[in-house]
Amino acid sequence: MVVGTRKSNATKNPGSLLTAGKPQRRSRAQIEEDEARTQAMAVAAKEDAIAKHQAVIKRVVDIQESTERDEEVIRAYANRPDLRNSSKYPVAASEKITALE
């Protein structure tokens with residue numbers, strides 16, 4: 001009787017069982033390159049987070065400023081209601097909304 005290799009084992013290397021769990025060795029240049037890339041990615045992520053945070057703060061400030069401007073217009077014309085509907089004087093956006101509702 002002739003002993004042969006099974007079809008499923010025909011292309012497998014018997015030594016791969018020993019090296020499968022072993023990490024690949026890297027040169028010092030590869031290690032330094034990977035560390036530099038990791039640091040660059042961390043810096044880029046931090047800068048991106050700062051930029052997003054500043055954009056949110058700017059948006060909040062813009063909303064607060066527009067609200068303050070609207071309130072100033074309302075206060076300015078509170079004493080003179082006859083000027084509110086005049087085309088010379090601007091009407092606050094909040095007054096337009098409440099007038100429509």
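What percentage of the 101 residues in the chain is buried? Buried residues make up 4% of them, where buried means under 20% relative accessible area, exposed means over 50%, and partly exposed lies in between (1.4 Å probe, protein chains only).

The exercises below concern a predicted model, in which local features need pLDDT of at least 70, side-chain atom pairs count only at pLDDT 80 or more, and totals for chains, interfaces and linings use all residues. Residues are numbered from 1 along each chain as its sequence is written, and side-chain values use heavy atoms, with hydrogens and water left out.

**Exercise 1. Describe the elements of the chain and the confidence in them.**

Step 1. Helices (H or I, at least four residues) and strands (E, at least two) are DSSP runs, numbered from the N terminus. The chain contains three helices and zero strands, and the order from the N terminus is α-α-α.

Step 2. Confidence is expressed as pLDDT, the predictor's value for each residue, from 0 to 100. The average over the chain is 80, and 76% of the residues score at least 70.

Step 3. Confidence is highest in H2, at a mean of 94, and lowest in helix H3 (residues 93-100), at a mean of 50.

**Exercise 2. State the accessible surface of the chain.**

Step 1. Accessible areas come from the Shrake-Rupley method with a 1.4 Å probe; for residues, only the protein chains shown count as cover.

Step 2. The surface of the chain amounts to about 9,700 Å². Carbon and sulfur atoms account for 55% of this surface.

**Exercise 3. Examine the salt bridge between Lys52 and Asp48.**

Step 1. A salt bridge is a side-chain nitrogen of Lys or Arg within 4 Å of a carboxyl oxygen of Asp or Glu. The structure holds six of them.

Step 2. In the pair Lys52 and Asp48, the closest N and O atoms are 3.8 Å apart.

Step 3. Lys52 is exposed, at 53% relative accessible area, while Asp48 is partly exposed, at 40%.

**Exercise 4. Examine the salt bridges Lys58 with Asp62 and Arg75 with Glu71.**

Step 1. The N to O distance is 3.3 Å for Lys58 and Asp62, and 3.9 Å for Arg75 and Glu71.

Step 2. Lys58 and Asp62 lie four residues apart in helix H2, about one turn of the helix. Arg75 and Glu71 also lie in H2, four residues apart.

Step 3. Lys58 is exposed, at 53%, and Asp62 is partly exposed, at 30%. Arg75 is exposed, at 54%, and Glu71 is partly exposed, at 40%.
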